[in-house]
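I set down each point in the order in which I looked it up.

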Amino acid sequence: QVQLVESGGGLVQAGGSLRLSCAASGRTFSNYVMGWFRQAPGKEREFVAAISRGGYTTNYADSVKGRFTISRDGAKSMAYLQMNSLTPEDTAVYYCAARKDWGTSDYDYWGQGTQVTVSS
């Protein structure tokens with residue numbers, strides 16, 4: 001089992017920035033691909049970003065490309081999502097997730113989510 005705990009959400013004005021953190025525990029962090037997803041009210045959960053086990057490969061949803069950056073720190077068993085130039089359309093609950101192999105869906109482990117609200 002992998003336990004994931006997100007933090008760093010909050011209320012920010014449009015154009016602002018936030019950095020989300022995801023603390024992982026329970027299994028060897030370096031064995032897992034890490035991803036971020038989000039779910040806005042009334043919408044399905046959607047993929048935001050993923051980073052490979054070694055941190056060398058990343059993938060982003062088109063809607064966040066150029067604004068968001070995913071990263072990881074193996075020594076701390078942490079994953080991060082730096083979000084810049086936020087817009088009200090980025091308002092959602094953001095989830096950290098983990099899976100063994102590279103992919104942008106069907107993740108095995110999930111955090112509880114952290115709310116991000118962007119005001120106009």
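The entries below go from the disulfide to the aromatic rings, the backbone and the strands.

**Entry 1: ground rules.** I noted that this is a predicted model, in which local features need pLDDT of at least 70 and side-chain atom pairs count only at pLDDT 80 or more, while totals for chains, interfaces and linings use all residues. Residues are numbered from 1 along each chain as its sequence is written, and side-chain values use heavy atoms, with hydrogens and water left out.

**Entry 2: the disulfide.** I looked for disulfides (a pair of cysteine sulfur atoms within 2.5 Å) and found 1 in the structure. Cysteine 22 and cysteine 96 form this disulfide, with their sulfur atoms 2.0 Å apart. I then noted where the two partners lie: cysteine 22 is in strand β3 (residues 18–25) and cysteine 96 in strand β9 (residues 92–99), so the pair links distant parts of the chain, 74 residues apart. Strands here are DSSP runs (E, at least two residues) and helices likewise (H or I, at least four), numbered from the N terminus. The torsion about the S-S bond is about -75 degrees, and the disulfide is therefore left-handed. Both cysteine 22 and cysteine 96 are buried. For accessibility I used these cut-offs: buried is under 20% relative accessible area, exposed is over 50%, and partly exposed is in between (1.4 Å probe, protein chains only).

**Entry 3: aromatic pairs.** I counted rings of Phe, Tyr and Trp (its six-membered ring) as a pair if their centres lie within 6.5 Å; planes under 30 degrees apart are stacked, over 60 edge-to-face, and the rest tilted. By this rule there are 6 aromatic pairs. One of them joins tyrosine 32 and tyrosine 109, with ring centres 6.0 Å apart and planes at 80 degrees, so I recorded the pair as edge-to-face. Tyrosine 32 belongs to the loop between β3 and β4 (33–39) and tyrosine 109 to strand β10 (residues 109–110), 77 residues apart. Tyrosine 32 and tyrosine 109 are both buried.

I also recorded tyrosine 95 and tryptophan 110, an edge-to-face pair at 6.5 Å centre to centre with 80 degrees between the planes. Tyrosine 95 is in β9 and tryptophan 110 in β10, so this pair ties together parts that are 15 residues apart in sequence. Tyrosine 95 is buried at 16% relative accessibility, whereas tryptophan 110 is partly exposed at 28%. Phe37, Phe47, Tyr95, Tyr107 and Trp110 form one aromatic cluster.

**Entry 4: charges over rings.** The rule I applied asks for NZ of Lys or CZ of Arg within 6 Å of the ring centre and within 35 degrees of the ring normal. Arginine 19 lies over the face of tyrosine 80, 4.1 Å from the ring centre. The charged end of arginine 99 sits over the ring of tyrosine 107, at 5.7 Å from its centre.

Entry 5: Most residues other than glycine have a negative phi. Which phi does serine 85 have? Its value is positive, near 50 degrees. Serine 85 is in the loop between β8 (78–83) and β9 and is partly exposed at 42%. Aspartate 106 has a positive phi of about 55 degrees; it lies in the loop between β9 and β10 and is exposed at 65%.

**Entry 6: strand β11.** In a regular strand the side chains alternate between the two faces of the sheet. In β11 (residues 114–119), I found Thr114, Val116 and Val118 on the covered face, and Gln115, Thr117 and Ser119 on the uncovered one. Strands pair if DSSP finds at least two bridges between them. Strand β2 (residues 10–13) runs parallel to β11, joined by 4 bridges, and glycine 10 has valine 116 as its bridge partner. β9 and β11 pair in the antiparallel sense over 3 bridges, with valine 93 opposite glutamine 115.
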